[in-house]
Amino acid sequence: MRIGTPKEIKNHEYRVGLTPAGVRELCARGHEVLIQSQAGAGIGIRDEDYQRAGATVLADAAAVYAAAEMIVKVKEPQPSEFPLLRPEQLLFTYLHLAPDPTQTRALVDSGCVAIAYETVSDGRGGLPLLAPMSEVAGRLSIQAGAHAMEKAQGGNGVLLGGVPGVPPAQVLIIGGGVVGYNAAKIAVGMGARVSIADRSLARLNWLDTVFDGRLGTLYSTADAIDQALATADLVIGAVLVAGAAAPKLVTRAMLAHMKPGTVMVDVAIDQGGCFETSHATTHQNPTFVVDGIVHYCVANMPGAVARTSTFALTNATLPYVLALADKGYQRALLDDAGLREGLNVHLGRVTYRAVAETLGYEYLPAMDALKPWWVPGTMV
Ligand SMILES: NC(=O)C1=CN([C@@H]2O[C@H](COP(=O)(O)OP(=O)(O)OC[C@H]3O[C@@H](n4cnc5c(N)ncnc54)[C@H](O)[C@@H]3O)[C@@H](O)[C@H]2O)C=CC1
Ligand SMILES: CC(=O)C(=O)O
Ligand SMILES: [Mg+2]
């Protein structure tokens, strides 16, 4: 198969969808890899590194999209990339379609086959291609939040860990999954007082055991969140209902009960955000203030630490890229029910239920989309 990786063009996005190690694996299996010139430049991967691994370097994105049967990238295609997609072309990347009607329309109209990293599952309730970036974003959320708490950044001037004789910051984390756990790990490590809210009692149980008394757990209700907001210095929004728009758990009315200068980091912004007052921001202009509360809502947080993030992401995506390239997407999706959950758009139809329901498309189950390739008795 001919696999192409363009340079990312989202604001301050320096990650890249394939590393030279991935290129080498693909070429060793007889595939052809096309990389846009300078695709890895932001993280110190040179065109020569890709060439040495076996890739052909092409001058621009248009050349990569025109030649490749499968596009492997990081972020959702930006509007200038929409016209480059073509019927039956395979797109493997983060998409976050539920809160993004414009992109969904463009993918449907393009006739491409779009597999979203964030909805691929591992069959055990995990999201193996979201998890590595959630680890990064969770850890980074505390770093970004602590910075925003500084007076010069508009925050309330509280030091996360306090000092002897002065209490540390109160951190409230809403959602105790991968982002929430990693945020808690860093916040606890920096000496903050941490509470974590989730609606899964099993998850709260696990967090309580792992942190062994070093954080408090809250069952997530509007009441519990409202009360915890009143004393918080830093709030991390980290909930997810897979593939769906995030529930709005902090309303604008709740901001009135909070201390001025409190910082809210909405990591769930890529699914539309879990604070009513959130809107997506960029690394260039990451924060804004509503009713005295500082909001940080960057939708591609891992892009800030693009080198770590690229290797963490591609370690997880490579086995799937190899399967798609070796078998073709139809066989790869039929063989792996978890990868099949990644199929969001197929030849003009929406094949992920939460996206179809949120945006008003008719839902076509992935298995029905794959019927022409399905031989009974050969699938899992
Ligand atoms: N902004 C960025 O750059 C990035 C954003 N993310 C986003 O962060 C979000 C969280 O991702 P993960 O931690 O990997 O998901 P996850 O599935 O591991 O965890 C989500 C948690 O939210 C909980 N939850 C669901 N509804 C809730 C409610 N009403 N109240 C409290 N908890 C609730 C679930 O029980 C689960 O424990 C996702 O939207 C993901 O796309 C992830 C990486 C980077
Ligand atoms: C998960 C995601 O959207 C990101 O890493 O940018
Ligand atoms: Mg988007």
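Trainee: In which sense do strand 5 (residues 90-93) and strand 6 (residues 113-116) pair?

Mentor: A word on the source comes before the reply: this is a predicted model, in which local features need pLDDT of at least 70 and side-chain atom pairs count only at pLDDT 80 or more, while totals for chains, interfaces and linings use all residues. Residues are numbered from 1 along each chain as its sequence is written, and chains are lettered from A and ligands numbered from 1 in the order in which they are written. Helices (H or I, at least four residues) and strands (E, at least two) are DSSP runs numbered from the N terminus, and two strands pair if DSSP finds at least two bridges between them. Strand 5 and strand 6 are joined over four bridges, with Leu90 opposite Val113, and the sense of their pairing is parallel.

Trainee: What is the strand order of the open sheet of eight strands?

Mentor: The pairing in this open sheet is mixed. Its edge strands are strand 3 (56-58) and strand 15 (349-350), each of which pairs on one side only. The order of the eight strands is 3-2-1-4-5-6-14-15.

Trainee: Is His346 buried or exposed?

Mentor: His346 belongs to strand 14 (residues 343-346). Apart from residues up to four places away in sequence, His346 touches Val113, Thr351 and Ala369, where contact requires C-beta atoms, placed from the backbone, within 7 Å. A residue is buried if 20 or more other C-beta atoms lie within 10 Å of its own, exposed if 12 or fewer, and partly exposed in between, again with C-beta atoms placed from the backbone. Because 24 other C-beta atoms lie within 10 Å, His346 is buried.

Trainee: Which residues does UniProt list for "active site"?

Mentor: The listing comes from an unreviewed entry; UniProt positions are given in the numbering used here, feature names are shortened, and annotations may be inferred rather than shown by experiment. In the UniProt record, the residues under "active site" are His96 and Asp270.

Trainee: Why do they gather at one spot?

Mentor: They span 175 residues in sequence.

Trainee: Which residues does His96 touch, not counting residues up to four places away in sequence?

Mentor: His96 lies in the loop between strand 5 and helix 4 (101-110). His96 is buried, with 23 other C-beta atoms within 10 Å. Beyond its sequence neighbours, the residues that His96 touches are Glu76, Glu118, Asp270 and Gln271.

Trainee: With which residues is Asp270 in contact, leaving aside its neighbours within four places in sequence?

Mentor: Asp270 sits in the loop between strand 11 (263-266) and strand 12 (287-290). With 27 other C-beta atoms within 10 Å, Asp270 is buried. Its contacts outside that sequence range are His96 and Ala299.

Trainee: Which residues are around ligand 2?

Mentor: A residue counts as near a molecule if its C-beta atom, placed from the backbone, lies within 6 Å of it. The shell around ligand 2 consists of Lys75, Tyr94, Glu118, Leu130, Met133, Asp270, Asn300 and Pro302.

Trainee: How many residues surround ligand 1?

Mentor: The closest to ligand 1 are Ser134, Gly177, Val179, Ser220 and Met301. Helix 5, helix 6 and strand 8 are the elements that give two or more residues to this shell. The number of residues surrounding ligand 1 is 35.

Trainee: How many of the twelve residues of helix 6 are buried?

Mentor: Helix 6 covers residues 178-189 and is mostly covered. Among its buried residues are Val178, Tyr181 and Ile186, and what covers them includes helix 5 (131-148) and strand 7 (170-174). The number of buried residues in helix 6 is nine.

Trainee: Is Glu88 buried or exposed?

Mentor: Glu88 is in the loop between strand 4 (70-72) and strand 5. Although not a glycine, Glu88 has a positive phi of about 75°. With 12 other C-beta atoms within 10 Å, Glu88 is exposed.

Technical notes. Expected span 1.5 Å × (residues − 1). Contact = placed C-beta atoms within 7 Å.
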